[in-house]
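Colleague: I'm new to this structure and would like to learn how to read it. Could you walk me through a few features?

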Amino acid sequence: MTVADLQYGQKGIIKDFTEHILPIKLLELGCLPGNSVELLQIAPLNDPIYINLSGSHLAIRRSLAALIELEIIEETQAK
Amino acid sequence: MSKNINVALIGNPNTGKTSVFNQLTGLKQKVGNYPGITVEKKEGICKLPRGVKAHILDLPGTYSLNTTSLDESLVVELLLNKNDKDYPDVAVVISDVENLKRNLLLFTQIKDLKIPSILVINMADRMDRKGISLDVEAMEKKLDTKIALVSTRKNTGIDRIKELIADYKSISSKPILDTSRISPEYFERLKSTFPQEDLYKLWLVITQDVNFMPIEKKRIQDATDFSTKSKDELKKLQHKETVLRYQLINNILKETYKVDFMAAKGLRASLDKILTHKVFGYLIFFAILLLIFQAIFEWSSYPMDFIDENFALAAEWIKNTLPPGVFTDLLAEGIVAGIGGIVIFIPQIAFLFLFISLLEESGYMSRVVFLMDRLMRPFGLSGKSVVPLISGNACAIPAIMATRTIENWKERLITILVTPFTTCSARLPVYLILIALVIPEGSFLGLSFQALTLMLLYLIGFGMALLSAMVLNKILKIKSRAIFMIEMPTYRLPLLKNVGYTVIEKTKSFVLGAGKIILAISIVLWFLGSNGYSDDFQNAESIVAERIENEGLSTYSKNYVQNNIDAYRTNAEAKGMAAGAIQDSIQMLREELSERAVAQEIASYKLEHSYIGQAGKAFEPLVEPLGYDWKIGIAVLTSFAAREVFVGTLATIYSVGSDEEETIQNRMAAELDEDGEPLFNLASGISLMLFYAFAMQCMSTLAIVKRETNSWKWPMIQLGFMSVFAYIMALMAYQILS
């Protein structure tokens, strides 16, 4: 499960990553193990996606989102 | 006079850093470029209590000292270079109360460079609404700094910043994180090799891929007893640094910063549901685009006409008032007309930047990027290129200036290079007159052929821009590390002050930056068009006078006089004027008109034998395969200044004494080629339109590209490629159609 797989209304917690493939910029914006990620919007053509990354509201492309592994912690009814 | 205090404003994007800068400096600010690169350098002077002054430098927004773009490198470069004249005595770090945690990451890094740092927490007015409470005193202690709680919107806290700056000597410059924890073993080795150096600075020199300190970097590599680490290992350590810093920050905030989520009200969530909606999102965006278009096309036409008329009047006034001579001509036709050619762009630039800064200030621009990113990706561009590209349909100059928001240099360069293909408003007069001449009336599915042609020309322009972007993306070998990531800030009402500053600043930078080049080229073009070396040119007056004496006025001029008189007579008779009075005034009118006709014929003859005219004739073999004669050749040459000059030049060369489009059109329709067929036919007309669609016929655009890319290389490549391509397309069109 990665951030790219998130559905509307799902929220996850970033898993510990041992591989250091993520751009450092993403870490600085709060992409650290244990922080939460929530999907807010998907762009009309399905890409990019708009997420709330532990308080930072960001749009990233799916290719990057697919690098962030997470565990689902919350599932509300899809809006 | 004592030395000013050097202050650097540093902060994440979207923290209101520019607002703080504007509040501190007011209009006492100066916007330029850093030497050698096109990153904006904003500086200003701020008066502090007790008669002290501060020199404020607004550094580009950055999330950390780990650089991925030119803008960010610049921040690191300055902070590491104690010898730079702008090296700050004190750093003012701007943060946003809602994103404090993330903002503090940068703060701790700067503090670890042992620069006295003040923390500004901006947007304090939002705390209540977001349910945020702060223990400022405790936070000051934990962060070992002084804090100013500020709201630029409510204009509170600015005095506190000024006081803190004035008192900067009392601000602690102790580091906050024990940076050796990043890698005790590595830092130990660093220390033993470079005992004199500041370790965190060294660490940044090693890890940051900035080209500014090759010597320092080399020094580290040359230290034989010191082996540096591989890129991967360093990246791992950078990750560790980030984690360590966040641990530190979390500990500090745990006790000093509380958010009551129940009290938080989110405007962002509900607005985003509509503004980034799959259907409404696009609809709203296109509605806004239409409005921008309307402004640049329609609204700005009023001030533009006003400018146009007044500069023409000024030129005429100079010619009539000053004694005739070369100097007067230079002033009236070269300099005043050249300045007019610069000033005429101001309304469009001002309108575009009014909208762009409104969109950016409100936070909407990020949503546009989000909506459009996927559509632009196949062309090697991102959502950030959308606004410049679309603005290019009004005018390429503000559009190219608007590419500064694209951080990725490769994307920005591609956008700059392809924008001139889009159909700017200066092509319109050329298209309209040619379409009216060569495209038959009639309709297809209720749409007239003429309207369809115009639409097709717009599509061709936009299509060509995208296509060349795709090609450029393949062939340009520019390494860019920037990944696509864009912050979606909360929505805010734009501060009119900030919008105003942006508009003024952009206009100024156009007038002062590109204006010089435009003025120089227009003076050169004027010189070439109004001077000639041949006897024909020197004696134009007497040659034309002699010809008229022998052969009378040209057929066209005769008709011109007669038609005007007929029109006058009909008009006068309709009004019921007495026959005698009509006769008298017609006599006067005839003299006046004949005089004007002679003047026009002289002007035409002079243009024909001027340097440009000679060049046009020399070029004839080159443009003949495109279906043009030397007269069109001259018009093509002079319209390098700006496309719309094409019509005016044809008017002069056909000695049509007015800019009335219909008159020129009739005159053009009457022009015959050697075989007695109309010169402007479908083949040559389409060929000309395609030429204008693709050719870089605009010196102002070249000037602005030079300014924005900081070299002549790119505008020259652009000029070469577009001209050759335009030539080939026009050639093909004419050869196939004729």
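Colleague: Is Phe444(B) buried or exposed?

Modeller: A residue is buried if 20 or more other C-beta atoms (placed from the backbone) lie within 10 Å of its own, exposed if 12 or fewer, and partly exposed in between. Phe444(B) has 9 such atoms within 10 Å, so it is exposed. This is a predicted model, where local features need pLDDT of at least 70, side-chain atom pairs count only at pLDDT 80 or more, and totals for chains, interfaces and linings use all residues. Residues are numbered from 1 along each chain as its sequence is written, while chains are lettered from A and ligands numbered from 1 in the order in which they are written.

Colleague: Which residues is Phe444(B) in contact with, leaving aside its neighbours within four places in sequence?

Modeller: Contact means that C-beta atoms, placed from the backbone, lie within 7 Å. For Phe444(B), the partners are Phe449(B) and Leu452(B).

Colleague: How many residues of helix α32 of chain B are buried?

Modeller: Helices are DSSP runs (H or I, at least four residues), and strands likewise (E, at least two), numbered from the N terminus. In α32(B), residues 699-709, ten of the eleven are buried, so this helix is largely enclosed by the rest of the structure. Among them are Met699(B), Leu702(B) and Arg707(B). The buried residues pack against α18 (396-401), α19 (409-418), α22 (496-530) and α33 (713-737) of chain B. Just after α32(B), Asn710(B) takes a positive phi of about 60 degrees.

Colleague: Thanks, that helps!

Terms used
Two residues are in contact if their C-beta atoms, placed from the backbone, lie within 7 Å.
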